[in-house]
Amino acid sequence: MQHRMPLHDLPVSPLAHRERLFNPKTKSHHGEMINMEWGMKNRLSQLIQKDGKALFLPIDHGYFQGPTHCLEKPGETIKPIWQYADALMMTRGVLRNCIDPTIQKPIILRVSGAVTVVGEDLANESIVTSIQEILRLNAMAVSMSVFVGTKYENKSLTNLAKLVDYCEEYGIPVMAVTSVGRELEKREARYLALVARVSAEIGARVVKTYYCKEKFEKVIEGCPVPVVIAGGPKTETQLEVFEFVYDGMQKGAIGVNLGRNIWQTENPLASIRAIRAVVHEGYTPKEAQDLFEKVKAGKA
Ligand code: 5RP
């Protein structure tokens with residue numbers, strides 16, 4: 001197996017992020033707060049694994065685009081693959097109707113929405129789920145979209161601030177799902193770094209961003225909370241995914257929040273197993289591709 005950059009050479013190592021999150025010195029001496037802190041830490045530790053890394057599997061795309069290709073029946077889609085994820089991300093509607101409540105897997109509840117692909121502006125989201133519902137559904141974290149550089153920037157960031165306020169009260173981490181204006185045009189480090197940092201400043205405990213080839217380490221360096229990479233639209237080849245996940249992790253991301261490039265691929269099981277190997281075992285893109293082929297052939 002080829003060798004990877006040692007953790008201490010990373011701009012911000014996943015382990016450093018984990019240590020910061022779970023540093024006992026951050027404990028408050030106020031009794032009630034210790035409980036709150038315990039809850040927050042417990043939840044984060046179920047999402048971010050002992051190695052400081054994480055693979056989140058989002059199946060929330062229907063919240064604005066309806067029955068997305070390969071996600072028409074979300075419960076069926078994830079059957080062969082959910083066990084390889086560290087957490088699943090979805091809305092309450094899919095959770096209640098499609099997921100077995102005895103599932104032993106942390107849930108990241110998507111709580112922003114009320115916009116659609118045929119509406120006026122996807123950035124005009126609201127918070128659509130109450131804190132009571134978040135607690136009732138036993139969410140391990142919540143997620144919401146943040147749109148910087150749009151007409152609704154202020155609304156979106158204010159929503160984040162409010163969500164952080166009511167979730168922190170109960171020790172529930174908020175993950176900011178960040179995008180910048182017309183997202184594809186602005187997938188540049190300086191914009192991604194801006195929205196990641198702003199989201200962390202407002203109180204997000206984890207930030208999801210897109211990967212960019214140039215200066216991705218700047219996004220990580222400028223963000224004081226752990227960063228996970230989204231997949232975006234399905235790529236031409238599987239290798240491209242392994243490459244950007246590998247590079248993003250070398251540059252300090254703690255993992256992925258990756259959907260379409262798993263469940264829209266020709267072999268979702270082979271995809272998730274190979275991506276998991278990149279995230280948790282440091283497989284190089286080539287090693288991941290080999291594992292992908294083996295799983296596909298039923299040989300691993
Ligand atoms: C959809 C989302 C997704 O969770 C996020 O974009 C990751 O999914 P994908 O890898 O398919 O881009 O927030 O709105």
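## A serine to start with

How far does the backbone nitrogen of S145 lie from a polar atom of the side chain of S112? The gap is 3.1 Å. A second polar contact (a pair of N or O atoms within 3.5 Å; within protein, one must be able to donate a hydrogen and the other to accept it, and residues adjacent in sequence count only if both atoms are side-chain atoms) joins the side chains of S112 and R110, at 2.9 Å.

S112 belongs to strand β4, residues 112-113; strands here are DSSP E runs of at least two residues and helices are H or I runs of at least four, numbered from the N terminus. At 2% relative accessible area, S112 is buried, a label for anything under 20%, with exposed meaning over 50% and partly exposed in between (1.4 Å probe, protein chains only). Skipping neighbours within four places in sequence, S112 is in contact (heavy atoms within 4.5 Å) with Y63, E125, S126, I127, V128, S143, M144 and S145.

## Ground rules

This is a predicted model, where local features need pLDDT of at least 70 and side-chain atom pairs count only at pLDDT 80 or more, while totals for chains, interfaces and linings use all residues. Numbering runs from 1 along each chain as its sequence is written, and side-chain values use heavy atoms, with hydrogens and water left out.

## Around the ligand

R110 turns up again here: an N or O atom in the side chain of R110 is 2.9 Å from a ligand oxygen. The side chain of K208 has an N or O atom 3.3 Å from an oxygen of the ligand, and for N257 the corresponding distance is 3.4 Å. Taken alone, the ligand exposes 370 Å², and the protein buries 96% of that (Shrake-Rupley areas with a 1.4 Å probe; for residues, only the protein chains shown count as cover).

The shell has 17 residues, with H61, R110, G232, G259 and R260 coming nearest; to get in, a residue needs a heavy atom within 4 Å. By type, the shell splits into 8 nonpolar, 5 polar and 4 charged. In that scheme Ala, Val, Leu, Ile, Met, Phe, Trp, Tyr, Cys and Pro are nonpolar, Asp, Glu, Lys and Arg are charged, and the others, Gly among them, are polar.

The chain has 13 helices and 10 strands, and 54% of its 300 residues are buried. Of the contacts between residues at least 6 apart in sequence, 66% link residues at least 24 apart.

Beyond its sequence neighbours within four places, V245 touches I229, V256, L258, V278 and V279.

G255 sits in strand β10 (residues 255-257) and counts as buried because its relative accessibility is 0%. V227 is 28 residues away in sequence, yet the C-alpha atoms are 7.3 Å apart.

Most residues other than glycine have a negative phi. C70, in the loop between α3 and α4, has a positive phi near 75° and is partly exposed at 23%. A114, in the loop between β4 and β5, has phi near 70° and is exposed at 62%.
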